[in-house]
Amino acid sequence: MKNKLYLILIFIFLIIIMINISVFAHKVSIFAYIEGDKIYTESYFSDGKKCVDSKIEVFDNQGNKLLEGLTNEEGAFSFETPPGDGYLKIVLTASMGHRAEYSISADELRGAAGFIKEEPEEPVSVISPETSLVNLKEIQSIIEDTLDEKLKPIMREIKKSQEDKISPTEIIGGIGYIIGIFGIVAYFLSRKR
Amino acid sequence: MHISEGILSAPVLVTGAALTATAVGYSLKKMEHKEVPKVAILSSVFFVASLIHVPVGPSSVHLILNGIIGVLLGWSAFPAILVALALQGVLFQFGGITTLGVNTFNMALPAIICFYLFNRGVRSKNNFIALILAFVCGFLAVLLSGIMVAAALVFTRESFIQVAKLVLIAHLPVMILEGVLTVFCIGFLRKVRPEILNV
């Protein structure tokens with residue numbers, strides 16, 4: 001009786017520990033975003049620790065390597081947006097066999113490169129045409145800057161939600177799966193007899 | 001210790017998968033009916049242990065506990081670790097599905113080696129010797145896993161010595177921690193549940 005109580009206490013204790021642990025290890029993630037004509041990437045382990053000096057490679061949609069580099073002390077790496085409008089695949093290789101990928105779609109790239117040429121001319125011609133074209137460019141860059149600024153917290157939120165993906169539900173669910181799987185094993189073993 | 005997808009070459013992946021499949025098949029054949037609940041519990045332990053993170057150096061490491069699992073389960077460590085790793089891969093994206101074979105082999109083989117080395121020792125009548133051996137067991141299992149990870153990565157671009165050094169330095173605190181944890185577990189089991197160890 002006393003032994004059983006012991007085991008139950010240990011089990012409860014373990015569950016409390018698991019629920020309180022908010023940082024989890026052992027997965028690397030990479031997150032990239034476009035700002036102006038540059039692409040910024042951030043790399044980190046799933047407990048939030050930055051990947052220092054890790055290799056980053058950028059591939060185009062045909063799988064050709066466009067460029068490569070190392071992350072700095074903050075786990076960040078940035079590069080000029082390469083020409084061409086296919087999608088980009090950014091691959092992070094951290095130490096000890098960790099690897100992660102992040103893709104930037106062609107749409108995102110085009111959107112960031114500026115869409116002045118595709119802009120319809122009609123609304124512009126209402127105002128004086130020569131100055132408005134210059135203004136349009138200026139307005140565009142102002143809008144982009146503001147948007148980048150405004151979107152920063154959202155980007156950070158997205159990054160964070162990628163970071164702490166593991167919930168207690170998944171842990172307990174996983175344990176349930178394990179017990180279920182071995183239940184099946186036990187069933188087959190008992191049939192053999 | 002989980003090697004991610006897309007790092008290892010096909011021959012390494014296939015070899016790992018084949019070795020793991022053979023070992024799992026063998027151990028399932030050997031497994032006793034009444035052993036199954038124990039295997040399930042230790043599989044859950046392994047599943048959860050990888051979430052406990054030890055902050056060291058530039059990388060990120062976690063508990064493995066393959067030493068104690070090996071000593072308690074023997075050959076059944078293979079299915080236990082395979083199931084736990086598969087679920088970690090699916091639920092948490094640790095490691096991956098293609099690397100499942102290699103990762104299982106890297107962690108389960110040291111468990112079996114520890115079983116053969118320390119099986120008698122931790123069940124010894126002498127409490128002190130048993131606990132010392134428990135420490136060595138926990139320590140050695142992680143060390144061997146580290147060497148095997150480095151060996152698996154040697155076929156990629158990185159050089160063996162460089163990776164081995166990195167893996168082993170990063171896991172040194174884990175080795176010590178696991179040694180201590182194994183001592184506590186074995187000590188606890190000897191006192192409270194000696195029938196598990198058949199002392």
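In chain B, helices α1(B) and α5(B) cross in a left-handed way. Keep in mind that this is a predicted model. We'll look at that crossing, then hop over to chain A, where strand β3(A) pairs with β4(A) and also with β6(A).

**The helix pair in chain B**

- Two packed helices are described by the angle between their axes and the distance between the axes.
- Here, α1(B) covers residues 10-30 and α5(B) covers residues 100-118; their axes come within 7 Å and cross at roughly 60°.
- That angle is why the two helices, α1(B) and α5(B), are called oblique to each other.
- On the α1(B) side, the contact is made by Val12(B), Leu13(B), Gly16(B), Ala17(B), Leu19(B), Thr20(B) and Ala23(B).
- α5(B) brings Gly101(B), Val102(B), Thr104(B), Phe105(B) and Ala108(B) to the contact.
- Sort these residues by class and you get eight nonpolar, four polar and no charged ones.

**Strand β3 in chain A: two faces**

- In a regular strand the side chains alternate between the two faces of the sheet.
- β3(A), residues 55-59, has Ile56(A) and Val58(A) on its covered face, while Lys55(A), Glu57(A) and Phe59(A) sit on the uncovered one.

**Strand β3 in chain A: its partners**

- β4(A), residues 65-70, runs antiparallel to β3(A), and five bridges join them.
- Follow Phe59(A) and you find Lys65(A) as its bridge partner in β4(A), with Lys89(A) standing opposite in β6(A).

Conventions
Residues numbered from 1 in each chain as written. Chains lettered and ligands numbered in written order. Predicted model: local features only at pLDDT ≥ 70, side-chain atom pairs only at ≥ 80, totals over all residues. Axes fitted to C-alpha atoms, helices over the stretch in contact; angles between N-to-C directions. Helix = DSSP H or I, 4+ residues; strand = E, 2+ residues; numbered from the N terminus. Parallel < 35°, antiparallel > 145°, perpendicular 65-115°, else oblique. Left-handed = near helix turned anticlockwise from the far one by under 90°. Contact = placed C-beta atoms within 7 Å. Nonpolar A, V, L, I, M, F, W, Y, C, P; charged D, E, K, R; others polar. Buried ≥ 20, exposed ≤ 12 C-beta atoms within 10 Å, placed from the backbone. Pairing = 2+ DSSP bridges.
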